[in-house]
Amino acid sequence: MIDFAQNTDFNDLVQLWKICFPTDSECFVDMYFREKYKKEYTLVYRFNNRVIAAIQMLPYTMTFFGKKVNIVYISGAATLPEFRGKGLMKSLLQKSFIINEQNNIAFSVLIPQEKWLVNFYNQLGYIQAFGYQKNKVFFTNSQASEKIFPITDNQIALAYQFYNEHSQKRDF
C-alpha cells in the first residue's frame, strides 16, 4: 500500500535509509532527518504495517528558460533488499507523478546513486539533463590565503543566501 508517511513510520524510514545507503555517515543521516525529512513529502510503500520502500519528494524552485517553476527533487529512493525487483519503486515514482500533476509541479529530478540505475529511471521517463565533470583546482599559498577562508557557523546562512541568489539567476 502506498501512502504518505505517518509519525509512526519515522524509525522505519531511518532504518531503511541506513540499510540502503550504508556509506552515509551517522552525522549525515541525523542531519537529513532533522533538516530535510518531512512526512508530508515522503511516500512510503507498506507491507504488513512496515515501510519497505520510500521516496522523499523535496520541493524546490528552479529557473527554467528564464521562468521560476516548482519542481520536486526525488531523494532517498530506497527499497529494502529483500523486496527489490517487485516494481515497488516504479509504483512509488508513478504515484509521485500523479501527485506532482495534481499540485502543478512541472517535473521531478533525481540523481541516481549508481550508474546502473540510469536505465531504470530512463524507463520511467527520466532523462539525463546535466553533464558531470570533475575538476581539480590548485592554489598557491598566496592565492589560498587571499581567496579561501573558513566560514563560521553564523555565516553559513549568509553564504547559502548568496549561493541561492546567484544560482537562481542561472537557467536550470
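Trainee: What volume does the largest cavity have?
Mentor: About 40 Å³. The structure holds one cavity of 30 Å³ or more. Keep in mind that this is a predicted model, where local features need pLDDT of at least 70, side-chain atom pairs count only at pLDDT 80 or more, and totals for chains, interfaces and linings use all residues. Residues are numbered from 1 along each chain as its sequence is written, and side-chain values use heavy atoms, with hydrogens and water left out.

Trainee: What counts as a cavity or a pocket?
Mentor: On a 1 Å grid over the protein atoms alone, a cavity is a set of points where a 1.4 Å probe fits but cannot get out. A pocket is an open set with protein on both sides within 12 Å along at least five of seven lines. Lining residues have an atom within 4 Å of a point. Points are joined across faces, edges and corners, and the volume is the space filled by probe spheres set on them.

Trainee: Which residues line the largest cavity?
Mentor: Leu 13, Leu 16, Trp 17, Phe 21, Phe 33, Ala 54, Gln 56, Gly 76 and Ala 78. Seven are nonpolar, two polar and none charged. Here Ala, Val, Leu, Ile, Met, Phe, Trp, Tyr, Cys and Pro count as nonpolar, Asp, Glu, Lys and Arg as charged, and the others, Gly among them, as polar.

Trainee: Which element gives the largest share of that cavity lining?
Mentor: H1, with three residues. Helix H1 (10-20), strand E3 (50-64) and strand E4 (67-79) each supply at least two. Helices (H or I, at least four residues) and strands (E, at least two) are DSSP runs, numbered from the N terminus.

Trainee: Switching to pockets. What is the volume of the largest one?
Mentor: About 1800 Å³. It is lined by 41 residues, with Tyr 73, Val 109, Leu 110, Ile 111 and Phe 130 nearest its centre.

Trainee: Which element gives the most there?
Mentor: E3, with six residues. Helix H6 (156-167) is among the elements that supply at least two. By class, the lining has 25 nonpolar, 11 polar and five charged residues.

Trainee: And the second largest pocket, how many residues line it?
Mentor: 31, and Phe 21, Ala 77, Ala 78, Leu 117 and Tyr 121 lie nearest its centre. The volume of this second largest pocket is about 780 Å³.

Trainee: Where does the largest share of its lining come from?
Mentor: E4, with seven residues. The lining of the second largest pocket splits into 20 nonpolar, six polar and five charged.
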